[in-house]
Amino acid sequence: MKKHTPVKYNFYPSDPAEVILKLGKETLLQQLKKMLLIRNFEIRAEAAYLQGKIGGFFHSYMGQEAVQTASVCAMGVEQWWSTTYRCHALALLLGATPNELLAELFGKEAGNAKGRGGSMHFFTERLLGGFGIVGGQIPIGTGAAFTINYLKSVAALKGHKNCDVSICFMGDGAVAQGAFHESLNLASLWDLPCMYVIENNTWGMGTHVDRAICVAPIAEMKAPSFGMQSYTFDGMDFFNCYAGFKHAFEEMKRSSRPVLIEVVVERFRGHSISDPALYRSKDELTSCMARDPLIIMFKNLERAGMLTEEQYHAMDKEQKDVVMAAVKFADESPWPDPVTLEEDVFAP
Amino acid sequence: MQLVEMREAIRQAIDEEMQRDPTVFVMGEEVAEYNGAYKVTKGMLEKWGEERIIDTPIAELGFAGLAVGAAMTGLRPIVEFMSFNFSFVAIDQIVSNAIKMHYMSGGRFSVPIVFRGPNGAAAQVSSQHSHCVEALYGNLPGLIILAPSNPYDAKGLLKSAIRNNNPVLFLECELSYNDKMQIPTEEYLVPIGKARVAREGKHVTLVSHSRMVQLCNLAAEELAKRGITVELIDLRSVKPLDIATIAASVKKTHRCVLVEEGHLFAGICAEVGFQIIEHCFDDLDAPLARVCQRETPMPYSKTLEKQTMPTKERIIAAIEHVLA
């Protein structure tokens, strides 16, 4: 296996103690609970997949939990959100229930998208999707930012319900797509409040980012060519992500300019469930899993006296139970009625 | 009544709908300061301002996708493609996002968007600027495809398209923008999914859409002099297809010829013809015949271009064949 050159990132400077002080115990424990929900959701869903209860593609967010949890915590649900096919976590964070999401994975009537979308296409009132084509969501997220500006600038629409920014997640692989270039050019040209977040987990399926993207760090190198501000966060560290997202969000509210963020992160699983990840050595995987975002957050909260190891395990158990109940719900839910097959092809 | 050109009929439709609904806006290459490559949006920048008449860079994937995102979040974009050939640069956004979104999201997000612009051949613009896209896109459930043949239908259908909550391809023709017609001064709509009997006749049904309807009309006039009366059906909506109107006519004439500007293989005639067989097999007194663009990319030379396209002569020959 090829040895990869380490990249010198300029991480957004932050202090966990400051974030702990600012957010306080209750909010922080809530965030940890959400991360545990995501982790348990992925573990149980993966098990159900292996039992043949779930079909199709299945991309686990395990290892990346801190990123989107911190982003929603920093900016609130009421923005426009879009992401890749690795969309389970963001849907949970934006308010979709474990029941509806597991029912969707099981292809049931009570599913988040009535059993039509599956693992790659989760939605909420604010989540424009899980998108299945690499980079396909980037123009969409840009369009949501366009709407934000349009509602502000067209006189007849003043006072219409609006939000601050559109947050568009993508993987490192998407940076090679034309949609990335065209969208960032338009967003910068038109001052669209779109936050582009590259979750760089190093692998575009089985191709290392070194073999796909011509520059590194990605955001720091690419953003200047679009006249944009860039940031790099440590995606395994909730506190760094939170501090960074909060800063970028406040900056965008002032400037109404797009920003490009790279979050350096590790996925603990293969690209999808059918990928044994043979391109990554055992040592590499072990070393990346040593920086588990859940453990990093727990250790920080433990040091701050907010949580004991016992309480952490109890919290984990509680989330596991929530997910197990959701698995049961999904399993027992009825299949979609075949008479509904042709419904909703067109909107009324 | 008012005498208007096709481009003016389209402009009026957009203008009236922009007046009616502030979420309607126009986006595309050269639509604002240049007044539109074919002057459809002439004067609109001055009237509506740069917030609602928006020039884009040459980035079809980017701006078409951006407009889909805008449609998902509450706006009603009208995206002009300078030519529908350029929609291929944006095809992933049209196919994977616009067309599938409502179904795939369990009905949560709709995509009320109109993609409009000239489709098909112009005058000697060669292979990459002459494609008819309706058969390519027609294969995909979730999309409405409109292809009016005259200014009256264009205005009424476009207004219906802008009000519709689904993605619509609105196919115009570069060679028809100057076509003039008397249309009502007062507001009207033309419903989506309703074909028009453009000419009544009893010997043969002729089915077509868009600019080819005019060619069919010329063929019908010539045949009328020889005592052959042609019932001409103008599809107006390619999809949804008004098979009821077509079938009613075929049941009356028992013979049918189909004409389209696009290619033969898996074309619109292939689909409509098959549906006629499904609905009217026992009523047919002769096999169906079709006149389409031949199976070549569009050549540049005037002589070759004429050869590959449907002509009045080829239509007449096909009709004579099914009547023989």
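This is a predicted model: local features need pLDDT of at least 70, side-chain atom pairs count only at pLDDT 80 or more; totals for chains, interfaces and linings use all residues.
Visitor: How many residues of strand β7 of chain B are buried?

Guide: A residue counts as buried if 20 or more other C-beta atoms lie within 10 Å of its own. For β7 (residues 168-172) of chain B, that holds for five of its five residues, and the strand is mostly covered.

Visitor: Which strands are joined to β7(B) by bridges?

Guide: Two strands pair if there are at least two bridges between them. Strand β5 (residues 114-118) of chain B runs parallel to β7(B), with five bridges; here B:Pro118 has B:Glu172 as its bridge partner. β6(B) is also parallel to β7(B), with three bridges, and B:Ile145 stands opposite B:Leu169.

Visitor: What unit do β6(B), α7(B) and β7(B) make?

Guide: They form a β-α-β unit, and it is right-handed.

Visitor: Where does domain 1 of chain B touch domain 2 of chain B?

Guide: The assignment puts domain 1 at 2-183 and domain 2 at 196-323 of chain B. Contacts link 23 residues of domain 1 of chain B with 23 of domain 2 of chain B. On the domain 1 side, α6 (134-138), β6 (144-146) and α7 (151-163) of chain B each supply at least two residues. By class, that side has 13 nonpolar, eight polar and two charged residues.

Visitor: Which element gives the most to the side of chain A that touches chain B?

Guide: In the contact between the chains, 36 residues of chain A meet 35 of chain B. α5(A) gives the most to the chain A side, with 10 residues.

Terms used: Residues are numbered from 1 along each chain as its sequence is written. Chains are lettered from A and ligands numbered from 1 in the order in which they are written. Domain bounds come from an automatic or database domain assignment. Two residues are in contact if their C-beta atoms, placed from the backbone, lie within 7 Å. Helices (H or I, at least four residues) and strands (E, at least two) are DSSP runs, numbered from the N terminus. Ala, Val, Leu, Ile, Met, Phe, Trp, Tyr, Cys and Pro count as nonpolar, Asp, Glu, Lys and Arg as charged, and the others, Gly among them, as polar. A residue is buried if 20 or more other C-beta atoms lie within 10 Å of its own, exposed if 12 or fewer, and partly exposed in between; C-beta atoms are placed from the backbone. A crossover is right-handed if, with the strands pointing away from the viewer, the path from the first strand over the helix to the second runs clockwise.
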